Amino acid sequence: MALESNIQIDGDRLWDSLMEMAKIGPGIAGGNNRQTLTDADGEGRHLFKRWCEAAGMTLSVDTIGNMFARREGAEPDLPPVYVGSHLDTQPTGGKFDGVLGVLAGLELVRSLNDLEIRTRHPIVVVNWTNEEGTRFAPAMLASGVFAGLHDEAWAKDRRDAAGKRFGDELRRIGWEGDEPVGGRPIRALFEYHIEQGPILEDEGIDIGVVTHGQGLWWLEVTLTGKESHTGSTPMAKRRNAGLGLARVTELVHQVAMEHQPNAVGAIGHVEVYPNSRNIIAGRVTFTIDIRSPDKAVLDAMRERIEAGIASVAGELGLGHDIQVAGHFDPVAFDPACVAAVRGAAERLGLSHRDIVSGAGHDACWINRIAPTAMIFCPCVDGLSHNEAEEISKDWAKRGADVLLHAVVETAGIAE
């Protein structure tokens, strides 16, 4: 049974919660620095816990730090409908990436309480640990353990730049729970998130109905040439690893452009050795990030780029090495959950369009073990992973209203 279209969340209360959480781990330019397993992360978790308990939910925490706040259903033995995202941020992150999805889940429960609406299935609001992966790589670490992609012991042995272990830091901030990771029954999971791209704002669309998540390959490439003096080495005698980097940069861009509209690719992290102004680079190490929602396209892009790197290295007299630094296949979200999101937007009279997620999200891992869908709202200029990240109160509310209706339809209204 669907809710009447006039039943909506309290947009002012949701916004106030977002602004209150943003006071914890403030950045230096208006955003947030609440990296995973820092003291600020611990403080944010405590605030979320207090809010959940005030809303009548019971909280469980598993041994990787995932938080599960449960609103009981009329039929407690039915598998719960999950909703949520993450509270950790980038070092120079915004106030909404991930946090919107968690606090919209909390607001959903508060609104059901206000309206005295009881669902058949329980509802669980979840905060996944270490989605960002900035301090402890890889991203979506704890949801990956939950979904069976990563071993828990391996995850807890991840180390940050200072050599601190994930498991030690989780214990230090007091958020290592006692519940075994995984094995929870899940009716469905809905994750609400800012788009982190410009499409919805550019097109004046209220809601992104996320049908797919892009797959990716992360490749770490090392090109090895010969260090020599920039002034006295003849051009024809040079084995310039920096020139190889430049040519591969152009290659990656060209390959992505040949697979439009949805493929993307770029070189991100670069290290140049010896990084001196008057020495020709003898070695460069860099990362390539390529993504597509089509597995065949994604794999073809990787093959083309690797062949191109070999060709560039051969032409310039460079050694080359390519290592896989990360990979996951494209995701197709559950058709029934996607239809619930689309139907909710239509009943609420909100403009919407199907969209592909260009970023990885916890929902992409959970989709492997349970029916899953995502909802996007616009963000200003498509900007995210930046302290200037911004959304409007109306955008936040509209997406949360869709979330409310999709979740309640899936959880069922108790008679």
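1. Thr222 is buried, with a relative accessible area of 17%. Buried here means under 20% relative accessible area; over 50% is exposed, and partly exposed lies in between (1.4 Å probe, protein chains only). Thr222 sits in strand E7. Strands (E, at least two residues) and helices (H or I, at least four) are DSSP runs, numbered from the N terminus.

2. A word on the basis. This is a predicted model: local features need pLDDT of at least 70, side-chain atom pairs count only at pLDDT 80 or more, and totals for chains, interfaces and linings use all residues. Residues are numbered from 1 along each chain as its sequence is written, and side-chain values use heavy atoms, with hydrogens and water left out.

3. What does the side chain of Thr222 make a polar contact with? The partner is the side chain of Thr285, at 3.1 Å. A polar contact is a pair of N or O atoms within 3.5 Å; within protein, one must be able to donate a hydrogen and the other to accept it, and residues adjacent in sequence count only if both atoms are side-chain atoms. Leaving aside neighbours within four places in sequence, Thr222 is also in contact with residues including Arg283, Gly319 and Asp321. Contact means heavy atoms within 4.5 Å.

4. The largest pocket holds about 1,100 Å³ of space. A pocket is an open set of points on a 1 Å grid over the protein atoms alone, where a 1.4 Å probe fits, with protein on both sides within 12 Å along at least five of seven lines; lining residues have an atom within 4 Å of a point. The volume is the space filled by probe spheres set on the points, which are joined across faces, edges and corners.

5. The largest pocket has 44 lining residues. Leu216, Arg291, Gly358, Ala359 and Gly360 lie nearest its centre. Strands E7 (215-224), E11 (283-292), E12 (319-328) and E14 (352-357) each give two or more residues to this lining. E14 supplies the largest share, five residues. By type, the lining has 18 nonpolar, 18 polar and eight charged residues. Gly counts as polar in this scheme.

6. The second largest pocket has a volume of about 310 Å³. It is lined by 15 residues, with Trp218, Gly268, His269, Thr287 and Ile288 closest to its centre. E7, E9 (264-273) and E11 each give two or more residues to the lining. Which strand gives the largest share? E9 does, with seven residues. The lining splits into six nonpolar, five polar and four charged.

7. An unreviewed UniProt entry lists His86, Asp97 and His193 under "binding site". These three are spread over 108 residues of sequence, yet they cluster in space, with a largest C-alpha distance of 9.8 Å. His86, Asp97 and His193 are included in the lining of the largest pocket. UniProt annotations may be inferred rather than shown by experiment.

8. His86 lies in the loop between strand E3 (81-85) and helix H3 (99-115). Asp97 lies in the loop between E3 and H3 too. Is His86 buried or exposed? His86 is buried, at a relative accessible area of 0%. Asp97 is buried at 5%.

9. The side chains of His86 and Asp97 are joined by a polar contact of 3.4 Å. Another, of 3.0 Å, joins the side chains of Asp97 and His193. Beyond four places in sequence, His86 is in contact with residues including Asn127, Trp128, Glu131 and Asp362. Asp97 touches Gln196, Ser384, His385 and Glu389, among others.
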